[in-house]
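Visitor: I would like to learn how to read strand pairing, ring contacts and charged pairs in a model like this one. Could you take me through them in turn?

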Amino acid sequence: MVYLHKKTFVFTFVIIFAILNPVKLEKIEYEGFDWDYGNFLHAQHHDISFEAIEKIFEQELLYFLDTKNTSSEKRWIAVGEIEPKRFAFVAFTIRTVGTDRLIRPISARHIHRGSKEEKVYEEIRKKLLEE
């Protein structure tokens with residue numbers, strides 16, 4: 001039996017979804033964020049500040065629909081740069097409150113520098129920019 005380290009499994013899972021689902025590279029239009037105690041704690045658990053998560057959404061993101069974890073609302077997975085050559089995954093939903101389109105981060109974690117994840121992200125991003 002083969003045992004996968006949790007991070008290896010998550011990475012493999014994300015790459016499979018990126019292959020099977022349409023991947024977009026664009027800036028997401030929104031008016032603000034929907035933070036609550038639960039999603040704030042999830043972000044802090046992985047040592048990413050809510051300011052860094054919000055900064056991710058100020059740029060073009062590589063993102064795709066997370067079809068495995070979606071229940072009543074669509075859940076997305078995005079990869080973005082939080083500082084030069086420092087990337088993070090963010091799982092999020094988009095909610096409409098009144099006329100405002102709000103991003104509700106669910107969880108986030110760093111992509112380790114020099115990792116396979118970082119290399120695959122850069123390769124996918126490069127291919128999308130060439131299209």
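Guide: Let us begin with terms: two strands pair if DSSP finds at least two bridges between them, and helices (H or I, at least four residues) and strands (E, at least two) are DSSP runs numbered from the N terminus. This is a predicted model, in which local features need pLDDT of at least 70 and side-chain atom pairs count only at pLDDT 80 or more, while totals for chains, interfaces and linings use all residues. Residues are numbered from 1 along each chain as its sequence is written, and side-chain values use heavy atoms, with hydrogens and water left out.

Visitor: Which residue of β6 is the bridge partner of T93?

Guide: The bridge partner of T93 is R104 in β6. Strand β5 (residues 86–97) and strand β6 (residues 100–111) pair in the antiparallel sense, with eleven bridges between β5 and β6. The two form a hairpin with two residues between them, and G98 in that turn has a positive phi of about 65 degrees.

Visitor: How many bridges join β4 to β5?

Guide: Strand β4 (residues 76–83) runs antiparallel to β5 and is joined to β5 by seven bridges; within this pairing, I77 stands opposite A91 of β5. Here too there is a hairpin with two residues between the strands, where K85 in the turn has a positive phi of about 60 degrees.

Visitor: How many aromatic pairs are there?

Guide: Rings of Phe, Tyr and Trp (its six-membered ring) pair if their centres lie within 6.5 Å, with planes under 30 degrees apart counted as stacked, over 60 as edge-to-face and the rest as tilted. By this rule there are eight aromatic pairs. One of them joins F57 and F92, whose ring centres are 5.0 Å apart and whose planes stand at 80 degrees, so the pair is edge-to-face. Because F57 lies in the loop between α3 (50–56) and β3 (61–65) whereas F92 lies in strand β5, the pair ties together parts that are 35 residues apart in sequence. Ring pairs also link Y30, F33, F57 and F92 into a cluster.

Visitor: Are F57 and F92 buried or exposed?

Guide: Buried means under 20% relative accessible area, exposed means over 50%, and partly exposed lies in between (1.4 Å probe, protein chains only). Both F57 and F92 are buried.

Visitor: Which residues are linked in a network of salt bridges?

Guide: Side chains of opposite charge can pair when their charged atoms come close. A salt bridge is a side-chain nitrogen of Lys or Arg within 4 Å of a carboxyl oxygen of Asp or Glu, and by this rule the count is three. D34, E73 and R95 are linked in a network. R95 pairs with D34, their closest N and O atoms being 3.1 Å apart, and this links strand β5 to the loop between β2 (32–33) and α2 (37–45), 61 residues apart. E73 also forms a salt bridge with R95, again with closest N and O atoms 3.1 Å apart, and E73 lies in the loop between β3 and β4, 22 residues from R95.

Visitor: Which residue forms a salt bridge with R104?

Guide: D36 does, with the closest N and O atoms 2.9 Å apart. R104 lies in strand β6 and D36 in the loop between β2 and α2, so the pair ties together parts that are 68 residues apart in sequence. At 14% relative accessibility R104 counts as buried, whereas D36, at 34%, counts as partly exposed.
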